[in-house]
Amino acid sequence: CCYVGSDYETGGATAAALLELITQGQGHVGIITGVDELMGHRLRQHGFEQRLLECPGLPIVAYGCANDDTQLAYLQTRRMLAECPQIDAIFVVAAGAGAVCEGIIAQGREKSVRVVAYDDVPSTRAMVQRGIIRGVVCQQPAEQGYRAVRAAFDMLLSGAMNHRSSIIMENQIKIKENLISSPPEADL
């Protein structure tokens, strides 16, 4: 009846713009991808890559596929940093941001690699607190759930279909100063 959720491509573009601000438009980017079969992950990555084309000082120099597996995210991060030591920024498309940061720490690069990731979850918060993750794009999962249930309730109550074909959540940017002091998003 209607879509309630994120605009994934805009979320990816938002992450790229955030990385551009954090790096002042200069650096070498590695991307840890999610699950290639998931449309949301593909759209995030596409939005990120397209927006980064506007910033020639931030070339993408390496990819690692984590498939939403934390151990794989850790190993792929270590591999990327060993093979491409010029990487000083990493975009985490999906889950595993904490493991990516552990890989950065294991390579002794905690002070030199800046990370942009998704979702306000405990592992992400911990790495924001440590200063490795510099910014997080949040999708408001609790609000998504509420709005979906509310739309279904309204349709059942009135018998009418929702006139809007989609309800899109705003992509929110959180940094250390507003992430640590706010309650976490609902567990996903």
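Helix α1 (residues 8–23) and helix α2 (residues 39–52) cross at roughly 40°, and their axes come within 6 Å. The model is predicted: local features need pLDDT of at least 70, side-chain atom pairs count only at pLDDT 80 or more, and totals for chains, interfaces and linings use all residues. Residues are numbered from 1 along each chain as its sequence is written, and side-chain values use heavy atoms, with hydrogens and water left out.

**Helix pair α1 and α2**
- The two helices are therefore oblique to each other (angles under 35 degrees count as roughly parallel, over 145 as roughly antiparallel, 65 to 115 as roughly perpendicular, the rest as oblique).
- α1 passes α2 in a right-handed crossing (the near helix is turned clockwise from the far one by less than a right angle).
- On the α1 side, the contact residues include Y8, G12, A16 and L19. On the α2 side, they include G40, L43, F48 and L52. Contact means heavy atoms within 4.5 Å.
- The residues of this contact divide into nine nonpolar, four polar and four charged.

**Strand β2**
- All five residues of β2 (residues 29–33) are buried (under 20% relative accessible area, with a 1.4 Å probe and protein chains only).
- V29, I31 and T33 cover one side, and G30 and I32 the other; both faces are covered.
- Five bridges join β2 to β3 (residues 60–65), and the two strands run parallel. Pairing takes at least two DSSP bridges.
- I31 has Y63 in β3 as its bridge partner.

**R114**
- R114 lies in strand β5 (residues 114–118).
- R114 counts as buried because its relative accessibility is 16%.
- Leaving out residues up to four places away in sequence, R114 touches several residues, among them L19, D88, I132 and R134.

How values were computed
Axes are lines fitted to C-alpha atoms, for helices over the stretch in contact, and angles run from 0 to 180 degrees between N-to-C directions. Helices (H or I, at least four residues) and strands (E, at least two) are DSSP runs, numbered from the N terminus. Ala, Val, Leu, Ile, Met, Phe, Trp, Tyr, Cys and Pro count as nonpolar, Asp, Glu, Lys and Arg as charged, and the others, Gly among them, as polar. Buried means under 20% relative accessible area, exposed over 50%, partly exposed in between (1.4 Å probe, protein chains only).
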